[in-house]
Amino acid sequence: MSDERDLITDLIHHPYQPPAGWAAVPPGVFKASTVIFPDVAALRGRTYTAKTGYTYGLRGTPTTYLLEERLATLEGGSYCILSPSGLAAIMNVNLGLLQQGDELLLPSNVYGPSADLAANVLTRWGITHQQYDAMNPADLAARISERTKLVWIEAPGSVTMEFPDLPALVAAAKSRGVLTALDNTWGAGLALRAFDLGVDIVMQALTKYPSGGADVLMGSVVTRDQALHLKMLKLHGQLGLGVAANDAELILRGLPTLALRYHAHDAAARQLAAFLGSQPQVVQVLHPALPGSPGHAQWAASCSAAAGLFSVMFDPALSQAQVDRFVDALNLFKIGYSWGGPTSLVVPYPLDDMRADRKALPGHLVRFSIGLEAVADLQADLAQALRALG
Ligand SMILES: *Cc1c(COP(=O)(O)O)cnc(C)c1O
């Protein structure tokens, strides 16, 4: 570039120009800590909360802004905040909206780490919580007090998969002026229209279906209300909860195939859940789209699709060791947490430690996440493992 300057300097101050005239389907991936301002006035004029431009990599890049816009579109909302995991997004909502003396209500079938956050972190900051019976809107209504500021809803509940009466839960909170936040990871923005059902805040673990690859951890919080959004965005900035551009790129890459994948997971899961339900060792299938599952009518009233996730209860007459043998005998189903990726997964959950009302579900619970393998191969794998159960 210049004969007088050192090569090292020229490599750093290379006359890079963004590519004018470049057009392609995938969006560019922009990575930066420092964002360069053309002058001091620009430096002073921009705020990250107003998004009147870029200020600092942690506060947003063209890549993260684009993903936020697409996720807001997916959920039918207006604003979106990205966090480094689904659990971080839950924390973003709780710490953004609650303060000392407030109370939080969680469903009885809440995602485990969300209950842990409330019990072991929020309590240390003077924020209390109670669990309400997710299948009884009257129980929720009875627990709302002057101190109640936020109600989390899961549809369906974690692991036990009961689908609640969403409109009734929202109405119970709304009638008392209490905000509702839906963990919409299962719905993925496709199975139900959360904002149309009256929910104020829609959170998702993008780790699951939006990623689809079992290779990214990320969470989102979408709202329609700007004031609510700004409260959570400020806390997000104060805690430094940015996401990496390469991770955002992977979610952007997953979104165009989200609906195709979701409906394929759904169809395969219904078939395999029905197959397991017809086996003598299985006493109950927990899949909200299957008649006979808890909350099936509520699912049918609010949803047009289901995820590829379900649980089954094995006969209480079997021993835990026998059920473990079934799980160990599976070949295509891998043993591991999370879901939404191409590989089918299985986890036996210890319900005794997870539910106050354990007696409602006798037997041994095994949770399945159906991947994208050929359904006949998955069914054959289940059949051979059932034989190992004895
Ligand atoms: C996985 C999951 C989360 C948390 O997502 P991570 O990215 O793993 O932190 C939250 N809620 C539900 C319902 C989930 O399934």
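These legends describe close-up views of a predicted model. Residues are numbered from 1 along each chain as its sequence is written, and side-chain values use heavy atoms, with hydrogens and water left out. Local features need pLDDT of at least 70 and side-chain atom pairs count only at pLDDT 80 or more, while totals for chains, interfaces and linings use all residues.

**View 1. The two domains.** The domain assignment gives domain 1 (40-256) and domain 2 (258-389); such bounds come from an automatic or database assignment. Their C-alpha centres lie 27 Å apart.

**View 2. The domain interface.** Contact (heavy atoms within 4.5 Å) joins 34 residues of domain 1 to 33 residues of domain 2. About 2600 Å² is buried between the domains, 65% of it from carbon and sulfur atoms. Buried area is the accessible area (1.4 Å probe) that two parts lose on being put together, summed over both. V159, W186 and Y209 supply 30% of the area that domain 1 buries against domain 2, more than any other three residues.

**View 3. Polar links across the interface.** The rule finds 0 salt bridges between domain 1 and domain 2; a salt bridge needs a side-chain nitrogen of Lys or Arg within 4 Å of a carboxyl oxygen of Asp or Glu. The domains share 12 residue pairs in polar contact, both residues at pLDDT 80 or more. A polar contact is a pair of N or O atoms within 3.5 Å; within protein, one must be able to donate a hydrogen and the other to accept it, and residues adjacent in sequence count only if both atoms are side-chain atoms.

**View 4. The ligand site.** A backbone N or O atom of L87 lies 2.9 Å from a ligand oxygen. The D183 side chain places an N or O atom 2.6 Å from a ligand nitrogen. A polar side-chain atom of K208 is 2.5 Å from a ligand oxygen.
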